[in-house]
Amino acid sequence: MSSEIGNKLKVSLFGESHGRGTGVVIDGFPSGIRIDDEKLLSFTARRRPGRDKTSTARREDDIPEVLSGILAGVTCGTPIAAVIKNTDQHSGDYKNISHEARPGHADYTGFVKYRGYNDVRGGGHFSARITAPLVFAGGLCLQYLEQRGIYIGAHLASVAGIKDEKFDPCRVTKEELLSPGHKKFPVIDDEAGEMMREEIEKARLDGDSVGGIVEVAATGLPAGLGSPIFDTVEGRLSYGYYGIPAVKGVSFGAGFGASAMRGSENNDEFYMEDEVVRTRTNNHGGILGGITSGMPVTAMIAFKPTPSISKPQNTVDYVENKDTVISIKGRHDPCVAVRAVPVVEAVTAVVLMDMLLEEGIF
Ligand SMILES: Cc1cc2nc3c(=O)[nH]c(=O)nc-3n(C[C@H](O)[C@H](O)[C@H](O)COP(=O)(O)O)c2cc1C
């Protein structure tokens with residue numbers, strides 16, 4: 001089941017970019033959980049296109065229509081189903097590229113995989129439209145986790161090499177975690193954010209795109225979550241993150257940087273604080289042996305530049321089997337990492353809630 005994630009909390013996604021809509025079925029969500037509708041809608045709105053000029057010009061309200069599983073604002077315990085209708089699709093933009101492989105996109109591999117029967121319009125099932133119902137599911141999980149003192153927040157750690165500040169890896173507060181998400185452009189340092197926006201705009205005017213990195217952190221997790229060898233917290237989260245379109249790298253704590261350190265520098269010394277075991281630094285990103293240590297879980301998720309760019313590029317027509325040149329029309333995000341910030345939060349929430357339920361912690 002390639003479009004489903006989770007063991008105890010199963011989240012199953014469906015839909016295509018230019019079909020009637022996308023949606024999700026969530027099985028295993030506990031009963032009796034009060035859902036704040038306004039909060040849920042403002043979370044899903046953060047992923048919506050057209051909020052800022054750094055995103056695609058496609059306009060979608062992305063209001064989820066809940067079909068089942070929530071009654072009078074409280075979860076029933078039965079499967080929660082929701083659909084998000086597509087309202088602003090321009091399939092005509094894709095007519096001339098339907099057999100021309102967009103470099104960096106999944107047109108060619110999708111054609112091979114599905115023997116040409118997949119809906120290629122707007123990227124079909126490969127489109128980031130599929131992240132709309134994922135964010136809806138994540139929004140529910142975030143509320144469940146917050147009601148239990150677990151907070152998840154993310155921000156743009158870098159765009160085109162321009163860096164934001166980082167979360168304090170040991171002492172990030174709930175307010176610090178959630179603050180970037182309340183801004184139109186999700187960064188900690190607004191000056192760095194302005195420089196990022198300028199780079200994105202430059203790329204857009206050049207008919208090009210840029211990549212970026214999203215930093216995410218989760219606080220309030222108990223120590224002891226996760227199991228070696230393959231059900232590690234890193235493994236389970238990475239599995240979820242790599243489901244997000246355009247993700248090309250995931251690291252935890254000091255990540256690749258740890259390889260350049262000495263043990264004495266990388267090791268996080270333990271100490272006791274109010275009878276709780278803590279570490280003075282957090283190069284381990286809150287995970288040791290695949291198991292949470294009780295320190296914040298921190299990760300970096302790298303997004304490649306948007307594949308669809310209007311600059312002419314060499315490619316092939318995979319039906320005619322000939323070389324050709326493509327210039328991509330349509331409305332595309334010049335930097336997918338911007339709208340991916342709530343998607344990363346959503347995936348983090350879905351995976352951690354599933355693991356907590358599975359291990360009987362809640
Ligand atoms: C929030 C978000 C928005 C995206 N918007 C676009 C877009 O406008 N145009 C595009 O070509 N790719 C976009 N992508 C990326 C493609 O969906 C992705 O690169 C493609 O499906 C191929 O998958 P891969 O990059 O994981 O190999 C977006 C990704 C995300 C997460």
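This briefing walks through the helix packing, the sheets and the ligand shell of the structure above. It is a predicted model, in which local features need pLDDT of at least 70, side-chain atom pairs count only at pLDDT 80 or more, and totals for chains, interfaces and linings use all residues. Residues are numbered from 1 along each chain as its sequence is written. Helices (H or I, at least four residues) and strands (E, at least two) are DSSP runs, numbered from the N terminus.

**Helix H8 and its partners**

- The axes of helix H3 (residues 131-146) and helix H8 (residues 336-358) come within 7 Å and cross at roughly 55°. Axes here are lines fitted to C-alpha atoms, for helices over the stretch in contact, and angles run from 0 to 180 degrees between N-to-C directions.
- H3 and H8 are therefore oblique to each other. Angles under 35 degrees count as roughly parallel, over 145 as roughly antiparallel, 65 to 115 as roughly perpendicular and the rest as oblique.
- The H3 and H8 crossing is left-handed, a label used if the near helix is turned anticlockwise from the far one by less than a right angle, with clockwise giving right-handed.
- Residues of H3 including Leu-134, Val-135, Gly-138 and Leu-142 meet residues of H8 that include Val-343, Ala-346, Val-350 and Met-353. Two residues are in contact if their C-beta atoms, placed from the backbone, lie within 7 Å.
- The contact of H3 with H8 holds 15 nonpolar, three polar and one charged residues. In this scheme Ala, Val, Leu, Ile, Met, Phe, Trp, Tyr, Cys and Pro count as nonpolar, Asp, Glu, Lys and Arg as charged, and the others, Gly among them, as polar.
- Helix H6 (residues 233-241) also packs on H8, at an angle of about 140° and with the axes 9 Å apart. That makes H6 oblique to H8, and H6 passes H8 in a right-handed crossing.
- On the H6 side, Arg-236, Leu-237, Gly-240 and Tyr-241 make the contact with H8, whose residues divide by class into seven nonpolar, two polar and one charged.
- H8 lies across strand S8 (151-159), S10 and S16, running at about 150° to S8.

**Helix H1 on H3**

- Helix H1 (residues 37-45) packs with H3 at an angle of about 135°, their axes 9 Å apart, and the crossing is right-handed.
- Lys-39, Leu-40, Phe-43 and Thr-44 are the H1 residues in this contact, and Val-135 and Gly-139 are among those from H3.

**Two open sheets**

- Two strands pair if DSSP finds at least two bridges between them.
- Within this order, strand S3 (residues 21-27) and strand S7 (residues 80-85) pair over six bridges, with Val-25 opposite Ala-81 in S7.
- Another open sheet of five strands runs in the order S9-S8-S10-S16-S11, again with antiparallel pairing.
- Strand S10 (residues 212-219) is joined to strand S16 (residues 297-303) by seven bridges, and Gly-212 has Phe-303 as its bridge partner in S16.

**Ligand shell**

- The ligand is surrounded by 21 residues, the closest being Ala-128, Pro-245, Ser-308, His-332 and Val-336. A residue is near a molecule if its C-beta atom, placed from the backbone, lies within 6 Å of it.
- The shell divides into 10 nonpolar, eight polar and three charged residues.
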